[in-house]
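Please view the sequence and the model together while reading the points below.

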Amino acid sequence: MTAIELRGVTKRFPTADGGTYTALKDLDLTVAEGEFCAVVGPTGCGKSTTLTLVSGLEQPSAGQVLVDDLPVTGIDPCTGFVFQQDAVFPWKSVLDNVSAGPVFRGIGKTDARVQARDWLRRVGLTGFEDRYPHQLSGGMRKRVALAQTLINHPKVLLMDEPFSALDVQTRSIMSTELLSLWDQTRPAVVFVTHDLEEAIALADKVVVLTAGPGTVKAEFAIDLPRPRVVQEIRFDHRFVALYERIWEALRSEVEQAYARSTAVTVAA
Amino acid sequence: MSGRRPWTPRRRFILGLRIGVLVLWLGSWELAARTKLLDPFFFGQPSTVWSQIVTWVTQGTSQGSLGEQIFVTMEEAVIGFLIGVLAGVVAGIALGRSRLLADVLAPYIKVMNSIPRIVLGSLFLVAFGLGLTSKVLLVIVLVFFGVFFNAFQGTREVDRNLMANARLLGASRWQLTTQVVLPSAFTWILASLHVSFGFAIIGAIVGEFLGAEKGLGMLIKTAQGNFNQSGVLACMVLMAAVALLAEFLITRLEKRLLRWRPAQAGEADLASL
């Protein structure tokens with residue numbers, strides 16, 4: 001069963017000077033139910049745009065976006081989204097942040113809190129219920145964001161470079177924790193990152209996008225056994241072999257994007 | 001900021017200097033008045049201002065007890081303030097959330113904001129008489145716009161990520177407004193309350209000035225009519241005391257409502273004084 005399908009998707013944005021900017025062009029992508037798909041690509045290749053289209057926050061300019069074989073027409077309550085920047089509510093306590101989803105969906109506050117406590121336990125934040133987000137570390141805030149999203153039992157989980165603001169150690173610890181959380185509910189995941197190591201360590205499938213306008217350059221199945229420990233998997237020789245193959249595909253795109261960005265800087 | 005700062009030598013020193021400034025200011029004024037360097041008939045004199053307050057407290061004013069005058073003015077200011085703030089917040093958020101409403105009403109709001117609204121006091125006085133209503137209306141008109149513009153701006157500046165996150169978590173439009181937009185705009189709205197309360201008091205006093213039977217504004221007008229400068233100054237002192245109390249209460253409210261915010265560096269040494 002396919003959980004997510006993008007067929008010939010193109011997304012154009014109007015630019016400030018009246019022109020249009022094509023972020024994605026003829027993108028085809030399928031993610032099976034329960035599959036963990038990582039999308040990598042150079043900066044500005046439309047990785048995040050892919051997620052906003054699947055989430056229903058934006059509509060494609062051409063092509064089709066399907067979730068569970070139905071076209072996406074708006075925000076779907078079965079979709080969860082973890083943002084790159086902090087998107088937890090700073091004025092709500094940790095407990096109220098995590099119970100926000102169920103409360104928005106009309107579950108009583110008491111029941112929502114029971115569920116929220118359970119999810120806080122799963123992400124290791126028991127004892128922090130009454131804190132405000134600014135009183136937590138970056139890693140803890142990410143856990144709150146994860147619990148806040150997963151409590152809604154999304155069938156599709158979209159993640160936009162969720163750990164990019166964390167330091168390297170915290171990042172690999174969080175990645176391992178993400179895998180064990182994912183294993184509990186097994187949503188289909190689209191995980192956007194520019195970090196190839198992170199992509200291979202987490203995913204069943206790595207999709208390489210071209211330098212903008214983004215389209216799929218190549219797909220790689222990651223057959224590393226699960227459960228994985230992200231901190232250690234990079235020493236596995238199969239990991240290294242995969243990394244070399246995928247980097248081969250990614251390198252020219254990164255170089256092209258870099259050349260373009262420096263060219264623009266020089267021209268400006 | 002926090003009430004229990006330790007009494008460091010520096011703090012004692014600052015407090016000492018502050019008291020010194022006050023003594024120097026009032027002392028030189030008093031001295032100048034006594035030596036006729038400053039004519040107390042025109043510029044008053046600290047000791048007569050004080051004795052004026054004492055007389056009002058012990059013997060009442062020509063319009064009744066002093067407490068009653070203060071109560072009347074504060075009643076007008078507070079009722080008008082509350083209505084004005086509520087109206088400002090509701091209108092600001094409504095226009096901030098609805099592009100159509102904002103586009104349609106924008107020119108009217110600009111026009112209303114640019115006219116000197118204090119003049120409306122004369123209109124209200126004729127239409128609604130010498131009582132409470134005309135003052136409350138003037139206060140509302142003065143308070144509304146400051147709060148409105150802040151609420152509007154606050155609504156427009158809500159973090160787009162937070163909005164998207166709330167929508168994805170399942171929030172309805174109304175839930176977005178009450179649980180994301182309102183708390184987010186609170187920072188802006190609360191900031192406007194300090195200035196707005198000042199406007200509320202001005203509105204009440206000017207309203208009474210234009211015509212009333214009771215209140216501090218009326219007391220000032222009577223004092224002015226009798227060339228009693230000390231009376232005018234005494235009213236100012238009383239209003240300053242009341243305004244400081246109100247400012248203290250608003251700051252307390254602000255801290256309570258914004259306790260989710262990290263303590264901000266440099267947040268206002270001026271506010272902590």
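A residue is called buried if 20 or more other C-beta atoms lie within 10 Å of its own, exposed if 12 or fewer do, and partly exposed in between, with C-beta atoms placed from the backbone. By that count, 43% of the 268 residues of chain A are buried. The model is predicted: local features need pLDDT of at least 70, side-chain atom pairs count only at pLDDT 80 or more, and totals for chains, interfaces and linings use all residues. Residues are numbered from 1 along each chain as its sequence is written, while chains are lettered from A and ligands numbered from 1 in the order in which they are written.

**Chain A as a whole**

- Chain A contains eight helices and ten strands; helices (H or I, at least four residues) and strands (E, at least two) are DSSP runs, numbered from the N terminus.
- The C-alpha trace of chain A spans about 55 × 45 × 45 Å along its principal axes.
- Two residues are in contact if their C-beta atoms, placed from the backbone, lie within 7 Å.
- Among the contacts in chain A with a separation of 6 or more, 70% come from residues 24 or more positions apart.

**A helix pair in chain A**

- Helix α2 (residues 94-104) and helix α3 (residues 109-122) of chain A have axes that come within 8 Å and cross at roughly 120°; axes are lines fitted to C-alpha atoms, for helices over the stretch in contact, and angles run from 0 to 180 degrees between N-to-C directions.
- α2(A) and α3(A) are therefore oblique to each other, given that angles under 35 degrees count as roughly parallel, over 145 as roughly antiparallel, 65 to 115 as roughly perpendicular and the rest as oblique.
- On the α2(A) side the contact includes V94(A), L95(A) and V98(A), and on the α3(A) side it includes A112(A), A116(A) and W119(A).
- The residues of this contact between α2(A) and α3(A) divide into nine nonpolar, two polar and two charged; Ala, Val, Leu, Ile, Met, Phe, Trp, Tyr, Cys and Pro count as nonpolar, Asp, Glu, Lys and Arg as charged, and the others, Gly among them, as polar.

**Helix pairs in chain B**

- The axes of α3 (residues 46-59) and α11 (residues 229-257) of chain B come within 8 Å and cross at roughly 75°.
- That angle makes α3(B) roughly perpendicular to α11(B).
- T48(B), V49(B), Q52(B) and I53(B) of α3(B) meet S230(B), G231(B), L233(B), A234(B) and V237(B) of α11(B), a contact with five nonpolar, four polar and no charged residues.
- For α4 (residues 66-97) and α10 (residues 216-225) of chain B, the axes come within 7 Å and cross at roughly 120°.
- α4(B) and α10(B) are therefore oblique to each other.
- Q69(B), I70(B) and T73(B) of α4(B) make this contact with L216(B), G217(B) and L219(B) of α10(B), giving three nonpolar, three polar and no charged residues.

**Where the chains touch**

- In chain B, 14 residues are in contact with 20 residues of chain A.
- On the chain B side, α8 (160-168) and α9 (173-210) each supply at least two residues, and α8(B) gives the most, with six residues.
- The side of chain B that touches chain A has nine nonpolar, four polar and one charged residues.

**Individual residues**

- P162(A) lies in the loop between β7 (156-160) and α5 (168-185) of chain A and is buried, with 24 other C-beta atoms within 10 Å.
- Leaving aside neighbours within four places in sequence, P162(A) is in contact with V82(A), Q84(A) and K142(A).
- The peptide bond from R226(A) to P227(A) is cis, with omega near -5°, and P227(A) is placed in the loop between β10 (216-221) and α7 (230-233) of chain A.
- R186(A), which is not a glycine, has a positive phi of about 50°, and R186(A) counts as partly exposed, with 13 C-beta neighbours inside 10 Å.
- K36(B), also a residue other than glycine, has a positive phi near 65°; K36(B) lies in the loop between α1 (9-34) and α2 (40-43) of chain B and is exposed, with 8 other C-beta atoms within 10 Å.
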